[in-house]
Amino acid sequence: MKSIKGPGIFLAQFAGDTAPFNTLGGMADWAAGLGFTGIQIPTWDSRLFNLQLAGESQGYCDEVLGIAANAGIAVTELSTHLQGQLVATHTAFEVQFAGFAPPAMAGDAKARQAWAVQQLMWAAKASRNLGLDAHATFSGALAWPFFYPWPQRPAGLIDEAFKELGARWLPILRQFDEAGVDLCFELHPGEDLHDGVTFERFLAAVGEHPRANILYDPSHMILQQMDYLAFLDIYHDRVRAFHVKDAEYHANGRAGVYGGYQDWIDRPGRFRSLGDGQIDFSQIFSKMAQYDYPGWAVMEWECCLKHPEAGAAEGAPFIRDHIIRVTDRAFDDFAGGGADTKTNRKILGL
């Protein structure tokens, strides 16, 4: 069995324009000072990372690794959540997602999509140059506006959406395969891949590609009222990245899983800082150990109540205390008598 690596922290929600949050070195030192041993880097944030240069230059990647090493910390994964969103975007979201790409591409959906694909291609090479095993992203969404079956969906609509989604991601998956890196989709509402069934649809569309894997984040599952523990029993072979994020769901008589268009603080389901929600992380970390999860436990902070820096300070010890140092022997080895084929046959009366 493997012990999970960690604690790590996703830098996206903490980056800013003032020190130490405006440089990779500053953030690495800050994270290490809180007790984190790894950082997940958002590749769209030019204050922290140059994705094109990382994809083209081993020297630059060595510099990035050196910055992390100087802080006594590792790079866990790169993230292309925003770019991945643009690999497949329904026209209903043209205006909302336009800001995810360079301003020069405003109003040009084809250019943004091509830009996003190139970003992912660089991400595969950059991950290889950094010696990483996994990469975090979003799938994007062509079918999301039709997630609720009213008005009634035309026959074949969802099949066509996933066929197109698979066609767009297959070349990217091949690039990641060439790089020897797992592409891990965060299953997230707003993405076509948001639960186990949609992930299975996608796997079928990409021919069960071995690099098509999952970033497991139980917070998105409890908000959908899924069994996030049973999910690991079913899909553990495909879980290759892990966001440790808490959430809670309190049913009431006024709103449900769709939230009533309310602000996060008023919704029945909302994200919380680690330890403040309802997710059973003791059982999650136990299952991760049971199934030999090979990667990092990375805190993602999202909370409508607590200050992010407070959440970060509490996150490192929370994850560290939940990581199980796996055993290297059976608990009842002391009572073992040793055996061989002859002895075993004698015991069986043979």
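User: Which strands does helix α11 (residues 281-290) lie across, and at what angle does it run to β7?
Analyst: This is a predicted model, where local features need pLDDT of at least 70, side-chain atom pairs count only at pLDDT 80 or more, and totals for chains, interfaces and linings use all residues. Helices (H or I, at least four residues) and strands (E, at least two) are DSSP runs, numbered from the N terminus. Axes are lines fitted to C-alpha atoms, for helices over the stretch in contact (heavy atoms within 4.5 Å), and angles run from 0 to 180 degrees between N-to-C directions. Helix α11 lies across β6, β7 and β10 (296-299), and its angle to β7 is about 160°.

User: At what angle does helix α7 run to β5?
Analyst: Residues are numbered from 1 along each chain as its sequence is written, and side-chain values use heavy atoms, with hydrogens and water left out. Helix α7 spans residues 157-179 and lies across β4 (134-137), β5 (182-186) and β6. Its angle to β5 is about 135°.

User: In what order do the 8 strands close into a barrel?
Analyst: Two strands pair if DSSP finds at least two bridges between them. Here the pairing is parallel, with a twist that averages 30° from one strand to the next. The barrel order is β1-β2-β3-β4-β5-β6-β7-β10.

User: Which residue in β7 does L215 stand opposite?
Analyst: Strand β6 covers residues 212-216 and β7 covers residues 239-244. The two run parallel and are joined by 3 bridges. Opposite L215 stands A241.

User: What is the volume of the largest pocket?
Analyst: A 1 Å grid is laid over the protein atoms alone; a cavity is a set of points where a 1.4 Å probe fits but cannot get out, a pocket is an open set with protein on both sides within 12 Å along at least five of seven lines, and lining residues have an atom within 4 Å of a point. Grid points are joined across faces, edges and corners, and a volume is the space filled by probe spheres set on the points. The largest pocket comes to about 1,400 Å³.

User: Of the 45 residues that line the largest pocket, which are the closest to its centre?
Analyst: α4 (81-85), α5 (94-97), α7, α8 (196-205) and β9 (269-272) each supply at least two lining residues. By class the lining has 22 nonpolar, 13 polar and 10 charged residues; Ala, Val, Leu, Ile, Met, Phe, Trp, Tyr, Cys and Pro count as nonpolar, Asp, Glu, Lys and Arg as charged, and the others, Gly among them, as polar. Closest to the centre are W144, H188, P189, G190 and E191.

User: Which helix gives the most to the lining of the second largest pocket?
Analyst: The second largest pocket holds about 210 Å³. Among its 14 lining residues, T89, E94, A109, Q113 and R168 are the closest to its centre. Helices α5, α6 (109-129) and α7 each supply at least two residues of the lining. With 4 residues, the one that gives the most is α6.

User: How large is the largest cavity?
Analyst: The structure holds 1 cavity of 30 Å³ or more. Its lining includes V244, R272, W301 and G311. By class, 4 nonpolar, 2 polar and 5 charged residues line it. The volume is about 40 Å³.

User: Which residue forms a salt bridge with D17?
Analyst: A salt bridge is a side-chain nitrogen of Lys or Arg within 4 Å of a carboxyl oxygen of Asp or Glu, and the count comes to 16. D17 lies in the loop between β1 (5-10) and α1 (24-34), and its partner in the loop between β2 (38-42) and α2 (51-56), so the pair ties together parts 30 residues apart in sequence. The closest N and O atoms are 2.7 Å apart, and the partner is R47.

User: What is omega of the peptide bond from A19 to P20?
Analyst: P20 sits in the loop between β1 and α1. The bond is cis, with omega near 0°.

User: Where does E208 lie?
Analyst: E208 is a residue other than glycine with a positive phi, near 55°. Its place is the loop between α8 and β6.
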